[in-house]
Amino acid sequence: MIRENLYNGSSMINYRIVLKGPTELKGEISISGAKNASLPELAASILSGERCILERVPEVEDIKTMIEALKNIGASVTFESNRAIINMKRVVSPVVKREISETSRASILILGPLLARNGYAKVALPGGCDIGDRNINFHLDGLRKMGARIETESEKGYIVAEAKFLSGIDFVFPGKTVTGTENLLMAATLAEGKTVLKNCAVEPEVSDLADFLIAMGAEIKGVGTETLEIKGKSGLHGATHHVIPDRIEAGTYLIAACFKGNDIIIKDCNPGHMGSILNILRRMGFKIKLDGGSMSVERSGPLKGVDVETEPYPGFPTDLQAQLTALMTQIDGLSSISENIFNNRFRHAVELNKLGANIEISGNRSIIKGGTKLKGSYVMTTDLRASASLVLAGLIAQGETIIENAYQLFRGYENMQKKLNQIGANIDIIEV
Ligand code: EPZ
């Protein structure tokens, strides 16, 4: 069980993961609610002074950090058995402190709803990130166009935003941004008049947020498309919402199911959100069996390497890039993945090579020479999905794999150690 909070005020308590391999996994894994839908939906509760209930919220560190931020602002929040009950009756302190923003970049999702509700918001600039530039200029450009005065007090590292009221706008995102779309969508629900947002991100998590906002009384058209039309309201009421399953968690375990000797049924997921990864695995020669909200994999025919590009949804998600790389190290022949979303998301390749993989990076492309036997070693992880990739590799590596800085894993995978050990893995977590 993960301790209440890994942040002890001065430094991150850290954990080390120790995996003994190789192990063959056999059994069922149930998928949790989507972290990246829960985060904007928790932030959206700021838009109403009434009680909001979110079901199927995963118990992971990024969620706990978001809840802490909401409490600091003035919300009463209870969170147990994956049910979050939030009531932001009134805003007491419209500030998101640095230690919150540095722990989870998703705290930027508070800016839009807090400004719309309160007319003033002060959010610490999100901390650095190991996967590349995480600009927020599209978020700020849109809010400025809505009438907000925004200063980034760079010397103190805070964004201060003020607006007596926000006006509806026509805005075309210069590039696809998931949280940028979510921030402006939330702000627009309380803006005066109509807002039309174009070139929006269409990830399922954006649509799930829109569904929750509509349940709260927002008027939104075009859900699931690149053009969202929002008619601003004077206020939103409380609502109850079930969060969609986490397609990245499901994709991570589906990839685990592809490793030789594994026989895993992934349950309680939505294959409809996972078309790109299903097609890639089929191109590699895997047979995917779908049965309602369950999936499993058959390795019957020959397998082959493939070339893949990460793209905004519905393309192949960057959040599965590191995990697919781990699988590709086991498929004979050459594979490659081009990372088109972030400019520094190959740190896992260096660590996988320490386990015996043969991965070369050329520009934004990783080239994987497959069919390599992996041997346990001491590795370091830098981001949430790199951690997952190293766990997948450690499960099949010969001997002991030790993953340092395992806090990253707890940010986004609910009960990963328990879910995997229940089906045959040998994973220990040690506090350091
Ligand atoms: C969301 O991050 C996800 N996080 C990320 O998941 C995911 O990797 C990413 O979308 C891409 O799918 C959450 O939803 C909480 P972006 P986000 O804004 O919104 C550039 C995980 O592991 N950009 O879509 O921060 C940006 O620099 C995390 O769960 C601008 O230039 O990503 C990046 O190169 C990791 N200006 C690209 O767009 C902006 O104003 C995509 O960023 C905004 C973005």
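At 7% relative accessibility, leucine 140 counts as buried (under 20% relative accessible area; exposed is over 50% and partly exposed in between, with a 1.4 Å probe and protein chains only). The model is predicted, so to speak of a local feature takes pLDDT of at least 70 and a side-chain atom pair counts only at pLDDT 80 or more, while totals for chains, interfaces and linings use all residues. Residues are numbered from 1 along each chain as its sequence is written, and side-chain values use heavy atoms, with hydrogens and water left out.

Leucine 140 sits in helix α5 (helices are DSSP runs of H or I with at least four residues, strands are runs of E with at least two, numbered from the N terminus). Between leucine 140 and asparagine 183 there are 9.5 Å in space, C-alpha to C-alpha, and 43 residues in sequence.

Now for the ligand. Of the 21 residues around it, Asn137, Phe138, Thr177, Thr179 and Asp319 come nearest (a residue is near if one of its heavy atoms lies within 4 Å). Aspartate 319 puts a polar side-chain atom 2.6 Å from a ligand oxygen, and asparagine 137 has one 2.7 Å from a ligand nitrogen. For asparagine 36, the distance from a polar side-chain atom to an oxygen atom of the ligand is 3.0 Å. The protein covers 86% of the 820 Å² of accessible area that the ligand has on its own (Shrake-Rupley method, 1.4 Å probe). Elements giving two or more residues to the shell are α1 (35–44), α5 (137–145), α6 (178–188) and α12, and α5 gives the most, with three. By class, the shell splits into seven nonpolar, seven polar and seven charged residues.

Helix α12 (residues 384–396) has 13 of its 13 residues buried, so it is largely enclosed by the rest of the structure. At its start, a side-chain oxygen of aspartate 383 comes to within 2.9 Å of the backbone nitrogen of arginine 385.

The largest cavity holds about 50 Å³. Its lining includes Ala201, Val206, Gly224 and Leu228, and helix α7 (residues 204–215) supplies the largest share, three residues. Six of the lining residues are nonpolar, three polar and none charged.

Note on methods
Polar contact = N/O pair within 3.5 Å; in protein donor to acceptor, adjacent residues only side chain to side chain. 1 Å grid on protein atoms, 1.4 Å probe; cavity = no way out; pocket = protein on both sides within 12 Å on 5 of 7 lines; lining within 4 Å. Points joined across faces, edges and corners; volume = space filled by probe spheres on them. Nonpolar A, V, L, I, M, F, W, Y, C, P; charged D, E, K, R; others polar.
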